Structure formats: structure tokens, C-alpha cells
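Subject: Structure handover

Hello,

Here is the structure I promised to pass on. Please open it first, then read the notes below.

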Amino acid sequence: MSAVRVLVGTRKGAFILTAEGRRESWDVAGPLFGGWEIYHVNGSPADPDRLYASQSNGWFGQVIQRSDDGGASWEPVGNDFAYEGEPGTHLYYDGSSRPWKFTRVWNLAPAADDPDTVYAGVQDAALFRTTDGGHTWHELAGVRGHDSAARWAPGAGGLCLHTILTNPQDPARMLVAISSAGVLSTTDAGASWALATKGLRSDFLPEPEAEIGHCVHKLASHPSRPDVVFMQKHWDVMRSDDGGGSWREISGNLPSDFGFAVDVHAHEPDTVYVVPITSDELHYPPDGRLRVYRSRAGGDDWEPLTEGLPQTDCYVNVLRDAMAVDRMDPCGVYVGTTGGQVYVSPDAGDHWTPIVRDLPAVLSVEVQTLP
Amino acid sequence: MTAMDAAERTAGTVRLRIVMPHQLRALARVTGEVAVEAAAPVTVRTALDALEAAHPALVGTIRKRDTGQRRAMIRIYAAGEDLSNAPVDTLLPAIVTSGHEPLQLVGAIAGG
């Protein structure tokens, strides 16, 4: 493994940051798709030169871009995300019912074994799949067809399906997370879905332990141990040891258990990272200090990682898709901020340095580890 | 409408000039105006159909995929006339279908 390619989505375009294995000297390419919101750029595990980007804005809607050469050139592919059948309704903020309406693609998850197969999580919450490299998209309608769907209501960012957790050991198993409905799981490749919210508690709900209504912000798991799933929820960091069947809180000694991002070390399945944020009203780090927290025990016991991160007057946010890890040894950890910085730690979080400081607000960070 | 205008607008195809916002030009990989062929008589709808046929990357970016409606923050002007809310079967004026002036697609000023 000799190089990394960091795929950065921002409010005003995409950027590709590349470095050799030491991750010291960086090349910055971009902006790609300047002026557009790039919610997510992701690469195929089966073919690292195959990239997909979700490009959208309020004027011109959704575009999906595809690259077959590692980001050197791009082609728009299909952007027809049509819900199956009659869309039905979901709850709105004010308690009224509104028809499902497609707005944008939040997340693109290429399949492990086929560069032409990609899952897309969209707003209003639904899961789509392409098997022809992005030209056509078809809804896996079982998600939105769940019995509870008419009672789902949006979080502040909208009713978005933002996380797609595929299981590398069993492609028929998958988890998706929706703000602010919760988590659903499938064991039959998306034909049917069940709620996976047991153990979640949200005090803002009339019934804090209700089946739905939990504002899940992000899920992460280690490829070698897909049944262990970590969650950053609106409040609370949670862990499941049974593939989402039940959850327990692992917030432990975090200074705040509100946050958006969560990820797992590439080689240590019990080493987990989160970025505590003050609160749902104060979307910046506690005390003006950007601290990534690491647990080497799978939760509960957390240590702050601060070396090289701003420890005074820092009021940026780290959004749900803006943390990633590479597969180098030692594992690299990457964090993008709403202030436009992308930080890298080439030593699993011990030391950090900015790759770039002045990008538009970072929406997403993914890393490819290249041979 | 003069008799000559009417004849131009009902026979054969016309060559339309279309001006688009920067971001749509980038998406379609064109610079400056584009020219597209459209069958006469040309309406708002058929002009956009012709544009999308010539530049498929634009499908869904000017009109919504699900309803076919103009996106709220795109305005359509022809010869200084705002056709944004005109019926989509409104004929384009002769000065546009004759190529003397472009059809203009304008992104609303909306900050950000």
C-alpha cells in the first residue's frame, strides 16, 4: 500500500487530496463541480479508479457523476430517482402529512464486489440501487414500505437516509440509518426491512424508548466484525453487538455525547473515534477546542486527541460523513470541518496536521488506500 | 404575427440559440451559447426538449424529473419576455426562432 486518495465533498465543489504512504506531502486537486454541493464522493472497493459523486444544488437539482480513472475525468450518469409506486406520505415537522418528495442523494455506497453496483441513500428517505454503473437507479422500496414509514418525521437536515452499512461477509445483510426515524436492517438483500432501534432512548420523544423517531447521525463498523456496530446519535454514542438487534450506550467519559461522526480504526475493531459537539443548539466543539476522542476499548473509556488540532477559539462542526480512516499501517484518520479544514492523523489519532485549511465547508470525507 | 413569421414557425426545423447559466454550461461541457435544432413551430416545451436531447446531462436540471415542471429557481426569457410561468405550449417569438435573439435560461439570484 503506497498511497492514499482522500475524496472531499464540500458546499461548493469536490476536492481530491492525494499523498504517498507517509501521508506527509499532499497534492490538492479541485474544485471539481465548482459551485455545487457535493454531499458525497466515494470509490468502489472493487475498482479504486471507479468513483461516484453526488452533486446537487437548489437551482438545478441532483446530478450523479462517475469517474473511471480515479477522478481525472468525470461523466454525468443517471439522475432519475423515481419512487416505486404511489409515494404515500410521511410526517412533517408540524405533524402534518406530506407526500414523499425526492430532494437529493446524501450517500453513495459502492458494493464490495462490483464497481457497477452502488447503493444511494436519498432525501426524502429511501434507498436506491444501480447495477449499471449509475445509469439507472431503482428503489429498494421495502425501506420506505416499512409499516412505520408514514410516521417518520424529518430531522433538522431533512428526512434523509444518510448511512448505508453493507456487510462484507454477507451481502444480503445491510443496515440503513434515517434522520430522524432510526435504523432499519435487512437480511434478504433489501427485500424486507425491520426496525433496529431496540435500546435507543431519545429524551425529546414523548415516549423516549419509542420504536421510531430516533435521530441517528451515523453508523460505523469494522469489516472483520460487521455485527458490532457503533452509532453516534443526536445525543448518545451507542454500540450494538448483534447487528443492530439491540443497542447499549457507550458514551462513558465523553465531554459531550452529542455529535455527528463516528468511525472505526482500520486494524483494531475495538478502536473507535468520535468528535464531541457541544449540543444540538451549539454545533461546535465544547470549550472551543476541536478534540477527536478515541476509545481503544470499544467505547465507555475515551481519550481526547488534541495534538495538532486547534485548542482555542475553534467553533467549527464535523458533519456526519466528514470522518474517515485509511488502511495504511499505522492507520490514518481524517476529519473535515465546516470551516474548510481537512486534518489528517497518520498515526491513528496521536498527531494531527491540516492537509488543507481553507476549503468550503466540508460535507464528507472518504479515503481510498491505493496499492 | 406577420404571414412571413407564421411561415417560418410552421415549416421544417429551426436553429435556436440558447443561453444558459454557467453551471449548466459546465455540466453540458459547452462554452457560450448553444445552438440546437427544433421542429417548427417551437414552444417553450419543445425548445427545452431539443436542448435536453442535444445535451442529455441537462435532463432533470431545468425541469423536474418527476413532474416535468420548471425548477423554481430557473427563469425563461425570450426577447425580453418572461415566459417562466407561461403555458409550456406557448410559441416562442419569431425573433428567437429566427435565431436573431437567444432563448435565455436564467438562474434566480438566491445567494449562497
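First, a term for what follows: a salt bridge is a side-chain nitrogen of Lys or Arg within 4 Å of a carboxyl oxygen of Asp or Glu. Please keep in mind that this is a predicted model.

**The interface**

By that rule, 2 salt bridges cross the interface of chain A and chain B. A:E75 takes part in a salt bridge with B:R29. Their side chains meet at 3.0 Å, N to O. Polar contacts also cross the interface of chain A and chain B: 8 residue pairs, both residues at pLDDT 80 or more.

Which elements of chain A give two or more residues to the side that touches chain B? They are β5 (51-57), β6 (61-67) and β7 (75-76) of chain A. β6(A) gives the most, with 4 residues. Sorted by class, this side of chain A has 6 nonpolar, 9 polar and 3 charged residues.

Now the extent of the contact. Chain A brings 18 residues to it, and chain B brings 18 residues. The size of an interface is often given as the accessible area lost when the parts come together. Here chain A and chain B bury about 1400 Å² between them. Of that area, 50% is on carbon and sulfur atoms. Within chain A, the residues that lose the most area to chain B are A:W59, A:F60 and A:N79. Together they make up 49% of what that side buries.

**Salt bridges overall**

Over all chains, the count of salt bridges comes to 30. One of them joins A:D116 and A:R50, with the closest N and O atoms 2.7 Å apart. This pair links distant parts of the chain, 66 residues apart. A:D116 sits in the loop between β10 (104-110) and β11 (118-123) of chain A. A:R50 sits in the loop between β4 (37-43) and β5 of chain A.

Strands of a sheet pair through backbone hydrogen bonds, either parallel or antiparallel.

One open sheet has 4 strands in the order β3-β2-β1-β30, with antiparallel pairing. Its edge strands are β3 (26-32) and β30 (362-370) of chain A, and each pairs on one side only. On average, neighbouring strands of this sheet are turned by 15° against each other, direction ignored. Inside this sheet, β1 (residues 3-10) and β2 (residues 13-20) of chain A run antiparallel and are joined by 8 bridges. A:T10 stands opposite A:G13 in β2(A).

β28 (residues 342-345) of chain A runs antiparallel to β29(A), and 3 bridges join them. A:Y343 has A:P354 in β29(A) as its bridge partner.

**Backbone points to check**

Most residues other than glycine have a negative phi, and most peptide bonds are trans.

- A:G30 to A:P31: the peptide bond is cis, with omega near 5°. A:P31 lies in strand β3 of chain A.
- A:D329 to A:P330: this peptide bond is cis too, with omega about 5°. A:P330 lies in the loop between β26 and β27 (333-336) of chain A.
- A:D287: phi is positive, near 65°, in a residue other than glycine. A:D287 lies in the loop between β23 (272-277) and β24 (292-295) of chain A.

Best wishes

Notes: Residues numbered from 1 in each chain as written. Chains lettered and ligands numbered in written order. Predicted model: local features only at pLDDT ≥ 70, side-chain atom pairs only at ≥ 80, totals over all residues. Heavy atoms only, no water. Contact = heavy atoms within 4.5 Å. Buried area = accessible area lost by both parts, 1.4 Å probe. Polar contact = N/O pair within 3.5 Å; in protein donor to acceptor, adjacent residues only side chain to side chain. Nonpolar A, V, L, I, M, F, W, Y, C, P; charged D, E, K, R; others polar. Pairing = 2+ DSSP bridges. Axes fitted to C-alpha atoms, helices over the stretch in contact; angles between N-to-C directions.
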